[in-house]
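Student: Hi! Could we go through the charged pairs in this one, and then look at a loop residue?
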Amino acid sequence: MAITYRMSDPRSQTARGRDTSPGAKSGIPVMVVAEDGTSQGPRPVAYLLRNTSGGPNAYLPGAREILLFGDDRGSEILASVTTERGTGFGFGGPRFAYRVLDPDGAPIGRICLRRGRLFRIGRSHWTVEQEGAPPVRGSAGRLMWWALWWTVLLPLNLVLVVAAFTGMAQDPVATPRRIVWRDGAGRAVMSYRGLAGDYRVLQDHWDPRLVASLVAIHQTYVSIAISDSTDWYHR
């Protein structure tokens, strides 16, 4: 049975990655919710908080240090995300790796990202590996849509990119972003729908803490222009 995850961020000023369901109330912390299509509706999976103390690599480019809590008071730690590797350069684009650990420090999984080469504009590649299971891989956007983005839509997109980085427009840059993670046999196991802002998990063996960590990290990369309205982590 497929489970749909999404971020619920009452502070977000855009619909991208935001929970707009009737159950989302203002004033609650940023969290990841999930629903399985039953009458229960969305349920909290993890409440998110940036870990300001961080790990030894918190200073690296692309660092993400996140705590996942089981309640909105922050009294029950479910998992933590720490940066394993971060580099702003590299052949084929910047590369980052994040480890997801349980409260005792045991590994839950690993999330890796290779970003596009040109000014963060390009096809990013994501790898998710749950401890004891083979990795799954996915790339942002279909090649057909990227071809249109760089040709037919290029003049408009250049104007929007400039507007985004100068603060003249609010999160206008919509690069192709749909991702389908596949296993070694080519079977789809998870997907991200850019327009809907949700993550569909198609197999039941995935640890919700790892999926919530993926949502938390990925939602800091949904826009090429970091701003208060597009990136919960850097607020």
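Student: Which residues are linked with Arg193 in a network of salt bridges?
Tutor: Arg6 and Asp198 join Arg193 in that network. Keep in mind that this is a predicted model.

Student: Okay, and how far apart are Asp198 and Arg193, N to O?
Tutor: Their side chains meet in a salt bridge at 2.5 Å.

Student: Is Asp198 buried or exposed?
Tutor: Asp198 is buried, because its relative accessible area is 4% and the cut-off for buried is under 20%. Arg193 is partly exposed, at 35%.

Student: Why would such side chains pair up at all?
Tutor: Opposite charges can pair when the charged atoms come close to each other.

Student: What about Glu84, which side chain does it meet in a salt bridge?
Tutor: That would be Arg99, with 3.7 Å from N to O. This pair links distant parts of the chain: Glu84 lies in strand S5 (residues 77-87) and Arg99 in strand S6 (residues 95-101), 15 residues apart.

Student: And how accessible is Glu84?
Tutor: Glu84 has 31% relative accessibility, so it counts as partly exposed. Arg99 is also at 31% and counts as partly exposed.

Student: Now Arg73. What is its salt-bridge partner?
Tutor: Asp72, and the closest N and O atoms are 3.9 Å apart. The pair still qualifies because the limit is within 4 Å.

Student: Is Arg73 buried or exposed?
Tutor: Exposed: Arg73 has a relative accessible area of 68%, and exposed means over 50%. Asp72, at 46%, counts as partly exposed.

Student: Let's switch topic. Where is Ser124?
Tutor: Ser124 sits in the loop between strand S7 (107-114) and strand S8 (125-130).

Student: A loop residue, then. Is Ser124 buried or exposed?
Tutor: Ser124 counts as buried, because its relative accessibility is 14%.

Student: So what does Ser124 touch?
Tutor: Leaving out residues up to four places away in sequence, Ser124 touches Leu113, Arg114, Arg115 and Gly116, along with Gly138, Ser139 and Ala140.

Student: And which side chain does Ser124 have a polar contact with?
Tutor: The side chain of Trp126, at 3.5 Å.

Methods
Residues are numbered from 1 along each chain as its sequence is written. This is a predicted model: local features need pLDDT of at least 70, side-chain atom pairs count only at pLDDT 80 or more; totals for chains, interfaces and linings use all residues. Side-chain values use heavy atoms; hydrogens and water are left out. Buried means under 20% relative accessible area, exposed over 50%, partly exposed in between (1.4 Å probe, protein chains only). Helices (H or I, at least four residues) and strands (E, at least two) are DSSP runs, numbered from the N terminus. A polar contact is a pair of N or O atoms within 3.5 Å; within protein, one must be able to donate a hydrogen and the other to accept it, and residues adjacent in sequence count only if both atoms are side-chain atoms. Contact means heavy atoms within 4.5 Å.
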